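Good morning, and thank you for joining this group meeting. I would ask you to look at the sequence and the structure together while I speak.

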Amino acid sequence: MNKLSVKQKNWLLASHVAFGGIWFGTALCMIAIALSNRNTPNGDELYAINSVMKLLDDWVIIPSATLSLITGGLLCWLTIWGFFKHYWVIVKWIATVTLIVTGTIWLGPWTNAITAISAAERIQALQNPLYVFDQNAVLVGAIIQTSCVLVIIGISVLKPWGRRNIKKQEKQPAASSG
């Protein structure tokens, strides 16, 4: 197993923290944008705001979440933390993968839908039940996702729950037949 030098580990850790921070900060901005989008009086503004949210999702959220997962995986693989030695690492893995999967299954498509509907219908989109559902779903989903990313960041800093008790199986001498 390749181990990193202290300098290499610190660069990888800094990258991991940066990608997590970019993910969190952009998600927080998307909540603010989604909230302001609820009272937009102009169809062109409505479409522009949705386009910005889609742009942030496609070009900042998705790459930063993916790079956060990749750098986290490299930290587990190339440092003493490992993948399954610490409960806090396991929780971070499960939470991060869950957020990426739910974002891919629901949040991304809802964001794409509100952008497409507002592109076609402009201000009349606010009368479209599918648009209204997707708009509300994006807001609620973004709040949940952003809160979860904040919890993951807290887990990274606090490292609660400690190390798992993994009993090493000692090699038993083979029983000799007599």
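This is a predicted model: local features need pLDDT of at least 70, side-chain atom pairs count only at pLDDT 80 or more; totals for chains, interfaces and linings use all residues.

I begin with the largest pocket, which has a volume of about 450 Å³. It is lined by 24 residues, and those closest to its centre are His-16, Val-17, Lys-92, Ile-152 and Ser-156. Which elements give two or more residues to this lining? They are α1, residues 6-37, α2, residues 43-78, α3, residues 87-121, and α4, residues 129-158. Sorted by class, the lining of the largest pocket comprises 14 nonpolar, eight polar and two charged residues.

I turn now to the second largest pocket, which holds about 380 Å³ of space. Among the 22 residues that line the second largest pocket, Asp-57, Ile-61, Gly-103, Leu-107 and Gln-145 are the closest to its centre. Here too, α1, α2, α3 and α4 each give two or more residues to the lining. The greatest contribution to the second largest pocket comes from α3, with nine residues. By class, this lining has 13 nonpolar, eight polar and one charged residues.

Let us finally consider α3 itself. How far apart are the end C-alpha atoms of α3? They are 49 Å apart, which agrees with the 51 Å that its 35 residues should span at 1.5 Å a residue. The helix α3 does bend, by about 45°, at Gly-103, and Gly-103 is one of the residues closest to the centre of the second largest pocket. Just after α3, Arg-122 adopts a positive phi of about 50°.

Notes
Residues are numbered from 1 along each chain as its sequence is written. Side-chain values use heavy atoms; hydrogens and water are left out. On a 1 Å grid over the protein atoms alone, a cavity is a set of points where a 1.4 Å probe fits but cannot get out, and a pocket is an open set with protein on both sides within 12 Å along at least five of seven lines; lining residues have an atom within 4 Å of a point. Grid points are joined across faces, edges and corners, and a volume is the space filled by probe spheres set on the points. Helices (H or I, at least four residues) and strands (E, at least two) are DSSP runs, numbered from the N terminus. Ala, Val, Leu, Ile, Met, Phe, Trp, Tyr, Cys and Pro count as nonpolar, Asp, Glu, Lys and Arg as charged, and the others, Gly among them, as polar. The expected span of a helix is 1.5 Å times one less than its number of residues. The bend at a residue is the angle between axes fitted to the seven residues ending there and the seven starting there.
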